[in-house]
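Hi everyone, thanks for making time. Please have a look at the model on the screen, and then I'll walk you through a few places in it.

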Amino acid sequence: MPDFVVVYHFKVSFIDANGTVDAAFRDVSGFNAELKTEEFTSGGENGVCYKLPKGVKYGTLKLSRALSGSKEMDEITKWAEAAINDFVISPKTVAVSLLNEEHKPVRTWRFADAYPVKLALGDMDASKNELAIETLELAYKYVKREK
């Protein structure tokens, strides 16, 4: 029987020349890559249309978390605010790892040269008793799967 990987147990790490910061997030999305194509018709043959590969288009990596005052979270928020508010872009490698029961990585994706493009705070509603959720969106050069 194969071992299936669950998606609720994961880790997100921000890696740069200064080291690694591990951070807890509620959810991660945006794992998508699309091969762009260009249509080309052959001269004289109206019924034949070729789709030629043109390049790869990546989405944005979206990370959501409950606001907290932890040192790691503050460090990531300051990095995002510096990029968005001050236009100080400091790319990092972001590693997202699915973990097994022993907290060991089963699969890891590395998002190269990631930088913040959006920082959003969820709606505030006095009639609800919910956590404040912050969402960080990152653009990146490419993604590679390890393991």
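Let's start with Gly-19, which is found in strand S2. A word on naming: helices (H or I, at least four residues) and strands (E, at least two) are DSSP runs, numbered from the N terminus. Gly-19 is partly exposed, with a relative accessible area of 28%. Here buried means under 20% relative accessible area, exposed means over 50%, and partly exposed is in between, using a 1.4 Å probe and protein chains only. From Gly-19 to Val-106 is 87 residues in sequence and 22 Å in space, C-alpha to C-alpha.

Before I go on, two housekeeping sentences. This is a predicted model, in which local features need pLDDT of at least 70 and side-chain atom pairs count only at pLDDT 80 or more, while totals for chains, interfaces and linings use all residues. Residues are numbered from 1 along each chain as its sequence is written, and side-chain values use heavy atoms, with hydrogens and water left out.

Now to the core. In soluble globular proteins, nonpolar side chains tend to be buried together. A nonpolar core here is a set of buried Ala, Val, Leu, Ile, Met, Phe, Trp, Tyr and Cys residues joined through side-chain atoms within 4.5 Å. Which residues have the most contacts inside the largest nonpolar core? They are Phe-14, Leu-61, Leu-63, Val-94 and Leu-138, in a core of 20 residues. At least two residues each come from strand S1 (10-16), strand S2 (19-23), strand S6 (61-66), helix H1 (71-86), strand S7 (92-99), S8 and S9. H1 gives the largest share of this core, with 4 residues.

Let's look at Phe-14 and its surroundings. Contact means heavy atoms within 4.5 Å. Not counting residues up to four places away in sequence, Phe-14 touches a list of residues including Gly-19, Phe-25, Leu-63, Ile-76, Trp-79, Val-94 and Leu-138.

Ile-76 sits in helix H1 and counts as buried, at 4% relative accessibility. Beyond its neighbours within four places in sequence, Phe-25 is in contact with Phe-10, Val-12, Phe-14, Leu-63, Ser-64 and Arg-65. Phe-25 and Leu-63 are 38 residues apart along the chain, yet their C-alpha atoms are separated by 6.4 Å.

On to the aromatics. Rings of Phe, Tyr and Trp (its six-membered ring) pair if their centres lie within 6.5 Å; planes under 30 degrees apart count as stacked, over 60 as edge-to-face and the rest as tilted. How many aromatic pairs does the structure hold? There are 6 aromatic pairs. Why is the pair of Phe-31 and Phe-111 called edge-to-face? Because the ring centres of Phe-31 and Phe-111 are 5.3 Å apart and their planes are at 85°. Phe-31 lies in the loop between strand S3 (27-29) and strand S4 (33-41), and Phe-111 in strand S8 (residues 105-121), so this pair ties together parts that are 80 residues apart in sequence. Phe-31 is partly exposed at 38% relative accessibility, whereas Phe-111 is buried at 0%.

Another pair is Tyr-58 with Tyr-140, which is tilted, at 5.5 Å centre to centre and 50° between the planes. Tyr-58 is in strand S5 (residues 49-58) and Tyr-140 in the loop between strand S9 (133-139) and strand S10 (142-146), 82 residues apart. Tyr-58 is partly exposed at 26%, while Tyr-140 is buried at 9%. Phe-31, Tyr-58, Trp-109, Phe-111 and Tyr-140 form one aromatic cluster.

Last, two backbone spots to check on the screen. Phe-87, in the loop between H1 and S7, has a phi near 60°, a positive value in a residue other than glycine. Phe-87 is exposed, at 70% relative accessibility. Asp-113, in strand S8, has a positive phi as well, near 50°, and is partly exposed at 34%.
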